[in-house]
Amino acid sequence: MPAAATPSLVGEEYEVTVGPVAHGGHCIARTDEGRVLFVRHTLPGERVIASVTEGDADSRFLRADAVEVLEASKDRVEAPCPFSGPGQCGGCDWQHAAPGAQRRLKGAVVAEQLQRLAGLTPEQAGWDGTVEPAPGDKVAKGEVPAWRTRVQYAIDEEGRAGLRKHRSHDVQPIDRCLIAAPGVSELGVEKRSWPGMESVEAIAATGSGDRQVILTPRPGERLPIVELDKPVSVERVHERDGSVHRVHGRPFVRERAIDRTWRVGDGGFWQVHPKAADLLVETVMTGLMPKKGDMALDLYCGVGLFSAALAERVGEKGAVLGIESGKRAVEDARHNLRDLERVRIEHGKVDRVLPRTGITEADLVVLDPPRSGAGRETVKSIAALSPRRVAYVACDPAALARDLAYFAEVGYEPRWTRVFDLFPMTQHVECVAVLRPVAKGA
Ligand SMILES: C[S@@+](CC[C@H](N)C(=O)[O-])C[C@H]1O[C@@H](n2cnc3c(N)ncnc32)[C@H](O)[C@@H]1O
């Protein structure tokens with residue numbers, strides 16, 4: 001006889017006192033029977049009714065939403081966005097927290113990850129424990145920075161644009177997104193119907209005025225002719241099979257950062273916050289202190305942002321090698337850096353390309369991996385080149401902390417770390433850790 005299915009607890013309600021924040025945009029609570037709950041839409045110290053959204057009687061932990069707040073935290077504010085709240089848009093995690101509290105929550109998560117996965121206190125990581133707002137962001141209560149220069153709208157069965165609900169394919173239709181940059185909102189994607197489409201990505205480039213709309217149709221659907229509220233200088237359509245059909249305009253947007261223009265083609269990575277690229281380059285260069293004649297590596301180099309900054313500093317006697325796995329990004333990087341003779345960009349995955357570059361020593365390394373981080377083998381390959389400084393740019397503090405533990409194994413320690421709130425209202429942060437070899441005899 002097949003074993004009886006464990007009964008689901010979805011919809012069960014528990015009255016709980018909420019404990020600390022955890023990685024993932026939720027807080028931890030325990031039911032009277034000792035079940036662990038990951039509760040969204042709440043804040044540490046609150047007394048809430050938590051309604052289970054995922055899990056059954058055998059689950060190690062349950063996911064839940066705070067559906068009623070019995071005792072509110074002093075950090076709680078009315079969510080500025082009408083689409084935020086239990087069962088609604090999954091895009092933002094901390095709409096209900098005052099801006100300063102959002103940064104404290106993010107700081108607590110970074111501290112917890114560093115301690116748990118790398119065994120580092122903030123002091124040992126060279127971090128003052130603060131999460132710094134991006135320059136120019138509104139940080140007062142009730143103000144929402146409109147920072148998102150790239151928004152991927154999901155389209156529901158009725159052709160309405162919205163954003164996905166938390167951990168779901170369901171779409172929350174919206175009529176505006178408060179964190180979308182003005183250039184994205186002005187396109188009016190939410191105001192028109194998109195029958196037959198699965199997603200619509202809207203991009204408003206920084207500094208050039210370029211805009212791009214990328215459409216992904218549902219299987220078997222035809223591509224529409226699109227008219228948007230604002231002229232779109234670039235407009236492209238993804239076919240389902242992965243090929244790309246050009247409708248009109250350029251197949252890329254031009255971004256501006258570090259006084260250069262960057263071609264970023266279809267699907268290529270570019271930081272979403274308009275201030276991020278300049279801020280991260282400045283932070284990384286301050287940490288690495290490149291010198292004329294240095295040999296520098298830019299791992300996971302995207303369209304070449306850090307490579308350019310390094311090349312300008314290491315001069316004619318130095319050299320920069322970038323490694324990037326995206327074919328289109330490599331083409332863009334080579335195009336973007338064509339004036340910098342001492343830069344070479346290799347196409348391929350870092351873990352495969354790095355051990356085969358023929359380079360046996362490097363003075364400086366910057367690595368900016370995707371959310372999964374770099375991993376032990378790549379960290380070993382970096383250490384084998386004996387760089388005097390390594391700058392690690394991380395969009396996931398868990399991956400950073402895990403990789404810092406690997407760096408410790410091969411004799412590198414953080415000299416300092418900074419943490420930036422480049423994703424206000426969401427749980428995400430960007431960290432930069434600068435590492436150096438552990439002093440001999442230490
Ligand atoms: C966070 S982005 C950083 C890009 C660039 N440093 C910047 O700031 O614009 C990570 C980049 O790594 C690339 N990537 C992902 N996995 C990779 C791998 N295993 N090897 C090389 N590049 C990879 C992605 O295509 C993406 O361009």
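**Reading the terms against the values**

In this predicted model, the end C-alpha atoms of residues 7–68 lie 24 Å apart, and the span is 58% strand and 0% helix. In the UniProt record, an unreviewed entry, residues 7–68 carry the annotation "domain: TRAM".

Q: What makes Asp65 a buried residue?
A: A residue is called buried if 20 or more other C-beta atoms lie within 10 Å of its own. Asp65 has 20 other C-beta atoms within 10 Å, and therefore it is buried. The place of this residue is in strand S5, residues 61–71.

Q: Which residues are in contact with Asp65, leaving aside its neighbours within four places in sequence?
A: With those neighbours set aside, Asp65 is in contact with Arg40, His41, Ala50, Ser51, Thr53, Pro86 and Gly87. As for Trp94, this residue and Asp65 are 29 residues apart in sequence and 13 Å apart in space, taken from C-alpha to C-alpha.

Q: Which residues around the ligand are the closest, and how many surround it?
A: The ligand is surrounded by 17 residues, of which Tyr300, Gly302, Ser325, Lys349 and Asp368 are the closest. The shell divides into 10 nonpolar, four polar and three charged residues, and at least two of its residues are supplied by each of helix H4 (305–314) and strand S17 (319–324).

Q: Which residues does the UniProt annotation "binding site" cover?
A: In the unreviewed UniProt entry, this annotation covers Gln271, Tyr300, Glu324 and Asp368.

Q: Why are Gln271 and Glu324 called buried?
A: The cut-off is 20 or more other C-beta atoms within 10 Å. Gln271 has 23 such atoms, so it is buried, and Glu324 has 29 C-beta neighbours inside 10 Å, so it too counts as buried. Gln271 lies in the loop between strand S15 (260–265) and helix H3 (276–288), whereas the place of Glu324 is in strand S17. Not counting residues up to four places away in sequence, Gln271 touches Ala276, Ala277 and Leu280, and Glu324 touches a list of residues that includes Tyr300, Gly302, Ala333 and His347.

Q: How do you know that the buried residues of helix H5 lie on the same side of H5?
A: The buried residues of H5, residues 327–336, are Ala329, Val330, Asp332, Ala333 and Asn336. They cover an arc of only 165° around the axis, and therefore they are on the same side of H5. An α-helix has 3.6 residues a turn, so residues three or four places apart point the same way. The buried residues of H5 pack against strand S14 (252–257), S15, H4, S17 and strand S18 (343–347).

Q: Why does the span of helix H8 agree with its number of residues?
A: H8, residues 397–409, has 13 residues, which at 1.5 Å a residue should span 18 Å; its end C-alpha atoms are 19 Å apart, so the two agree.

Q: What makes H8 mostly covered?
A: Of the 13 residues of H8, 10 are buried, among them Pro397, Leu400, Arg402, Asp403 and Phe407. What covers the buried residues includes helix H1 (99–118), helix H7 (376–383) and strands S20 (389–394), S21 (412–421) and S22 (430–437). Just after H8, Gly411 takes a positive phi of about 85°.

Q: Why is Cys395 called partly exposed?
A: Partly exposed lies between the 12 or fewer C-beta neighbours of an exposed residue and the 20 or more of a buried one. Cys395 has 18 inside 10 Å, so it counts as partly exposed. UniProt, in an unreviewed entry, places the feature "active site" at Cys395, which is found in the loop between S20 and H8. Leaving aside its neighbours within four places in sequence, Cys395 is in contact with Arg371, His428 and Glu430.

Key: Residues numbered from 1 in each chain as written. Predicted model: local features only at pLDDT ≥ 70, side-chain atom pairs only at ≥ 80, totals over all residues. Near = placed C-beta within 6 Å. Helix = DSSP H or I, 4+ residues; strand = E, 2+ residues; numbered from the N terminus. Nonpolar A, V, L, I, M, F, W, Y, C, P; charged D, E, K, R; others polar. UniProt positions renumbered as here; feature names shortened; annotations may be inferred. Contact = placed C-beta atoms within 7 Å. Expected span 1.5 Å × (residues − 1). Arc of directions from axis to C-beta.
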